[in-house]
Amino acid sequence: MRPPFLAAAAALTVLLAAGLFAVRLSGFGERAPQHATLLPSPVELPAFSLVDQDGAEFSRDSLLGRHSLLFFGFTHCPDICPATLQQLAVARRQLAERSRDPASASLPDILLISVDPERDTPEVLAAYAGHFGAGVRGVSGPPEEIAKLAGALGIFHRKVPGGDGNYSVDHSAAIIYIDQDARYRAVFSAPHDVAALAADIPVLMALR
Amino acid sequence: MRGLALAMLACALLLGACRNEEGPALAASGLRVLAPLPGRSESVAYLTLDNHGTRPAIITRVTSPAFGKVEMHETRIVDGVAQMRPLESVTIDGGASVEFAPGGKHLMLIGPLRELAPGDGVRLELHHDDGGLLMLDAPLSARDTS
């Protein structure tokens with residue numbers, strides 16, 4: 001009788017330990033994102049001074065107390081920029097719908113940081129971002145101020161001359177998560193996917 | 001004389017059939033022409049091209065009566081950086097397909113020639129290197145954020 005009893009006790013202990021571990025992961029502790037890459041430790045953002053789509057200053061303080069998803073792009077980009085903003089907007093809407101009380105649900109701000117301040121004035125950004133619905137806003141500013149924020153986040157951007165005096169801008173396609181303490185916490189690498197964003201955004205927002 | 005004419009007609013039909021058999025036979029599906037976003041004068045179209053023939057089909061130019069210019073572009077993610085570059089031509093090998101989809105190849109529609117609203121019909125003209133033309137029509141659709 002003794003060996004079977006010991007085996008059962010051992011199995012029970014293992015099950016309990018696994019259960020506690022699962023509970024810790026899923027409920028009381030922090031879950032790990034499945035798609036986004038967490039930074040080994042949060043990165044404090046430097047001071048910067050940009051301008052939002054309403055013409056108001058947008059600085060590091062503007063990110064405090066909010067969950068923010070940043071995408072660097074420009075409004076003359078017809079493909080990946082609107083496609084990514086659309087994916088973010090759809091993911092945000094899905095999170096709102098999943099919430100018991102969508103009106104007061106904690107949802108992230110989606111910020112298009114334009115790397116084309118020459119053409120993307122606050123007026124242009126307001127009209128453009130408005131199309132993607134609530135929670136999507138445009139921000140830009142002097143190139144040297146964009147460089148401070150982009151540099152801290154490892155975002156690359158470069159103007160590329162095109163035909164007829166036009167130009168395009170190469171830019172990192174990553175989506176950056178900034179936590180409520182205005183710290184860089186995680187990054188989604190391209191290509192993006194609505195289901196992956198909708199699954200991981202709440203996980204990132206729950207990080208301590 | 002009549003016999004000769006019939007024979008020539010038969011030959012012409014036969015040659016035509018052979019040409020169709022071997023030449024590119026391009027079919028488009030899933031065409032989506034998206035309306036320009038507020039304040040923007042450029043937009044984008046996506047589609048899939050299937051070449052049911054045996055010879056490659058080469059698209060060298062795209063035009064539209066609704067837009068001043070249409071360019072074939074490709075977005076590539078290189079080391080995490082999105083690069084949009086114009087394409088001189090797009091080749092669809094015999095029996096193969098080429099997809100124009102978000103984040104990849106796309107048709108950039110520049111400068112609407114008239115006021116456009118979702119639902120308006122837009123024609124796209126895909127010009128082949130051999131002088132052939134594939135005309136496609138689709139209603140302009142809004143970007144769906146639902």
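**View 1. Strand β5 of chain B, a mostly covered strand.** A residue is called buried here when its relative accessible area is under 20%. By that cut-off, strand β5 of chain B, spanning residues 81-86, is mostly covered, with five of its six residues buried. Please keep in mind as you look around that this is a predicted model.

**View 2. The hairpin of β4(B) and β5(B).** Within chain B, strand β4 (residues 67-78) runs antiparallel to β5(B), and six bridges join the two. To find your place in this pairing, look for T75(B), which stands opposite M84(B) of β5(B). Two residues lie between the strands of the hairpin.

**View 3. β5(B) meets a strand of chain A.** Strand β8 of chain A (residues 167-172) also pairs with β5(B); the two run antiparallel and are joined by two bridges. Here H171(A) has A82(B) as its bridge partner in β5(B).

**View 4. The salt bridge between the chains.** Which residue of chain A forms a salt bridge with R85(B)? The partner is D170(A), and the closest N and O atoms are 2.7 Å apart. The count of salt bridges between chain B and chain A is one.

**View 5. The contact between chain B and chain A as a whole.** Stepping back, the contact takes 26 residues from chain B and 27 residues from chain A. The area buried between the two chains is about 2,200 Å², and carbon and sulfur atoms give 56% of that area. Polar contacts are found here too: nine residue pairs, both residues at pLDDT 80 or more, are counted between chain B and chain A.

**View 6. The side of chain B that touches chain A.** Which elements give two or more residues to this side of chain B? They are β2 (42-51), β4, β5 and β8 (105-112) of chain B. With five residues, β5(B) gives the most to the side that touches chain A. Sorted by residue class, this side of chain B has eleven nonpolar, nine polar and six charged residues.

Notes. Residues numbered from 1 in each chain as written. Chains lettered and ligands numbered in written order. Predicted model: local features only at pLDDT ≥ 70, side-chain atom pairs only at ≥ 80, totals over all residues. Heavy atoms only, no water. Buried < 20%, exposed > 50% of the residue type's maximum accessible area, 1.4 Å probe, protein only. Helix = DSSP H or I, 4+ residues; strand = E, 2+ residues; numbered from the N terminus. Pairing = 2+ DSSP bridges. Contact = heavy atoms within 4.5 Å. Buried area = accessible area lost by both parts, 1.4 Å probe. Salt bridge = Lys/Arg side-chain N within 4 Å of Asp/Glu carboxyl O. Polar contact = N/O pair within 3.5 Å; in protein donor to acceptor, adjacent residues only side chain to side chain. Nonpolar A, V, L, I, M, F, W, Y, C, P; charged D, E, K, R; others polar.
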